[in-house]
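Thanks for asking me to look this one over. Here are a few points to read alongside the coordinates.

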Amino acid sequence: MSKPSPRHPVPGPELVRLAIPNKGRIAQPINELIEKSGLHLADGGSERRLITRTRDPNVEILFARPIDIPEYVASGVADLGITGKDMVMERGSAVEQLLDLQTGKATLVVAVPEESDVETIADLAGAKVATEFPAITRAFFAGHGVAVTVVTVGGACEATPHLGIADAIVDLSSSGTTLRTNHLRVVDEVLTSTTILVANPASLTAKREKIDEIVLALESVIRAKGQCYLMMNVHKSALADVREVLPGLSGPTVMDVASDENLVAVHAVVKEERVYQLINQLKRAGAKDILVMPIERIIR
């Protein structure tokens, strides 16, 4: 796709269009991120139109296949796009990465049947390799000086060795379960991919203020992930002990309590995984009236 399709006109100068996946393993986490960032879909996303408005009249969402998003952004059909880093690399699109969303982590691996004699990449010289990522696969093997025949498939890549279509595969693996289920083992890793936010270079100049606003909103949600807000009252005589167990994001915030000159209010941001142990430690240190609050966004 070298230029915008009439079905997907270039957004106007006052509008920022964000392309996100319409389906796939990363679609749901991205939808949740969009909602938490404050860019609520105007219709709740229930109708899932091709293009959907948001609560911000200057931002709209374009639903597209993850593999198409890099080119939509590069061509100017969308100003911003969220998709896997693997998709951007496969397309080789001229876009700029703005943010790693730290979700959808997966590794693109070279795998062979468990009974195969192949132990290294070099052992695949002359072999057929099936993949949904032909450009990345060709570049990877060429970089290792190994000549292979790349067989492009549209899905069910893990079945191709057992069907005699290929000797090996290059495919995404998150947990390794699919590979084990299909009696495949990893020979090498090609790259690690996460979900990223990319931008059209021209849009970055022309619409920088609105794009920076969107990046800040998304980044604030990512920063808050896995964090909790603790509030408690502490007798001044126990404050030093509480500080010892409550470092917080930038150290706890301590404020006087108007109703009792012997008490202070202590607030801190801590990792959610630490809360279970911290509560008991804080109680023993002298804290009381402890509240644990979820955090939606953290803006620095």
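**Notes on the predicted model**

1. Let me begin with Cys157, which counts as buried because its relative accessibility is 1%, below the 20% limit for that class. Please keep in mind that this is a predicted model. Cys228 is buried too, with a relative accessible area of 7%.

2. How many disulfides does the model hold? The count is zero. For a pair to be counted, two cysteine sulfur atoms would have to lie within 2.5 Å. As a reminder, a disulfide is a covalent bond joining the sulfur atoms of two cysteines.

3. On the aromatic side, the count comes to one pair. Its members are Phe140 and Phe141, with ring centres 5.5 Å apart and planes at 85 degrees, so the arrangement is edge-to-face; the cut-off for that label is over 60 degrees. Phe140 and Phe141 are both buried.

4. Next, a backbone matter. Most residues other than glycine have a negative phi. Gln102, however, has a positive phi, near 60 degrees. You will find Gln102 in the loop that links strand S5 (96-100) to strand S6 (106-113). Is Gln102 buried or exposed? With a relative accessibility of 57%, Gln102 counts as exposed, since that class begins over 50%.

5. Ala156 also deserves a look: this residue is not a glycine, yet its phi is positive, at about 50 degrees. Ala156 sits in the loop between strand S8 (149-152) and strand S9 (168-173). Its relative accessible area is 49%, so Ala156 is classed as partly exposed.

Conventions. Residues are numbered from 1 along each chain as its sequence is written. This is a predicted model: local features need pLDDT of at least 70, side-chain atom pairs count only at pLDDT 80 or more; totals for chains, interfaces and linings use all residues. Side-chain values use heavy atoms; hydrogens and water are left out. Buried means under 20% relative accessible area, exposed over 50%, partly exposed in between (1.4 Å probe, protein chains only). Rings of Phe, Tyr and Trp (its six-membered ring) pair if their centres lie within 6.5 Å; planes under 30 degrees apart count as stacked, over 60 as edge-to-face and the rest as tilted. Helices (H or I, at least four residues) and strands (E, at least two) are DSSP runs, numbered from the N terminus.
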